[in-house]
Amino acid sequence: MINVLCRGLVASLLLAPAVQAKTLTYAVTNESWAPYWIVEDQRVSGIFHEFMLALDERLPEQLQASHPLPPLRTQKLFREGQLQIECCVSKSWRSHGEQVDMSLWTVPVLEAEEMLVFAPGRGFPYQRLEDLRGRSIATVRGYGYAGSEYFQRNDGADARALIYLVAQGRSEAGILDRLEWRFLRHENAQQQAPRWQVEEGPTINRSQLRLRLHRDLAGRLDAFNAAIRSLQADGTLARIVARYAPQAHVAGQVEIR
């Protein structure tokens, strides 16, 4: 009887750390945003997937991915506290109603850049958003764009369709995330073909992407910030980015070039 009790005590001590470790669930949507999030048949990869795995190693909490869910569903679950973390979004994307009340924001993880792309030799001068006035600009259906009040949208189904519209001269330019373009060039041989050729142009908009924490985690904000900074400072984040966009590097703590 004593041996049984001793064995039970030892087992409970071994299990105690796992029981005490808090599990926090972060949102994963079923919509890909390559190379940041890549979701294929419930399989998830990409820059932010790897970043969250690395962040998990720097924190005492266990960070657990949700099943891929529709974006509006993840936002609802976040408001309800069933999801505690969202990686990685801009404050401007969550600036209405309860989204604001429930949100705490970490330091920036990355800064995303939207750039113009042109058909080879067909670029035009650009300094500010007003310079797009009256022009036909290739975009992705359903996406919002800074300066869209000035230009005529020519929507495609995805980034590849956008590139094709520009390369074929059906739009004067397109707006594309710089890392997404470099990822597509690296991963897809089709993008190297002459009829798909476009040139990178100037950056027209930047978005600082941060972790959004549920307000119940207010006491852990400093710890998350410290862990993020450590991943930036020791080059872990830069190495993750370079695997998906080999031409890119991270300058300083958050800036992508």
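At 30% relative accessibility, D155 counts as partly exposed, because that label covers residues between the buried class, under 20% relative accessible area, and the exposed class, over 50% (1.4 Å probe, protein chains only). D155 belongs to strand β8, which spans residues 152-156; here strands are DSSP runs of E with at least two residues, helices are runs of H or I with at least four, and both are numbered from the N terminus. This is a predicted model, in which local features need pLDDT of at least 70 and side-chain atom pairs count only at pLDDT 80 or more, while totals for chains, interfaces and linings use all residues. Residues are numbered from 1 along each chain as its sequence is written, and side-chain values use heavy atoms, with hydrogens and water left out.

Leaving out residues up to four places away in sequence, D155 touches T139, V140, R141 and L165, where a contact means heavy atoms within 4.5 Å.

Among contacts between residues at least 6 apart in sequence, 70% join residues that are at least 24 apart.

In soluble globular proteins, nonpolar side chains tend to be buried together. A nonpolar core is a set of buried Ala, Val, Leu, Ile, Met, Phe, Trp, Tyr and Cys residues joined through side-chain atoms within 4.5 Å, and the largest one here has 65 residues, among which F48, F51, M52, L55, I85 and L211 touch the most other members. Strand β6, residues 103-118, gives the most to this core, with 8 residues. The surroundings of I85 can be followed in detail: apart from neighbours within four places in sequence, I85 is in contact with L24, T25, Y26, A27, M52, L63, F78, L211, R212, L213, L217 and F224.

A pair of aromatic rings is described by the distance of the centres and the angle of the planes. Rings of Phe, Tyr and Trp (its six-membered ring) pair if their centres lie within 6.5 Å, and planes under 30 degrees apart count as stacked, over 60 as edge-to-face and the rest as tilted. The whole structure holds 7 aromatic pairs. One of them joins W33 and Y36, a tilted pair with 4.2 Å from centre to centre and 35° between the planes, and both of these residues are buried. Another is the edge-to-face pair of F118 and F124, at 5.0 Å centre to centre and 75° between the planes; F118 is buried at 5% relative accessibility, and F124 is buried at 13%. Ring pairs also link W33, Y36, W37, F48 and W93 into a cluster.

A ring may also carry a charge above it, which is counted if NZ of Lys or CZ of Arg is within 6 Å of the ring centre and within 35 degrees of the ring normal. The charged end of R135 sits over the ring of F124, 3.7 Å from its centre, and the charged end of R212 sits over the ring of F78, 3.8 Å from its centre.

Side chains of opposite charge can pair when their charged atoms come close. The structure holds 14 salt bridges, including one between R243 and E50, whose closest N and O atoms are 2.4 Å apart. This pair links distant parts of the chain, since R243 lies in helix α8 (residues 236-244) and E50 in helix α2 (residues 47-56), 193 residues apart. R243 is partly exposed, with a relative accessible area of 49%. In another salt bridge, R182 pairs with E200, with 3.2 Å between the closest N and O atoms. R182 lies in helix α6 (residues 178-187) and E200 in strand β10 (residues 199-214), so the pair ties together parts that are 18 residues apart in sequence. Salt bridges that share partners join E111, E113, R178, R182, E200 and R206 into one network.

Definitions and conventions:
A salt bridge is a side-chain nitrogen of Lys or Arg within 4 Å of a carboxyl oxygen of Asp or Glu.
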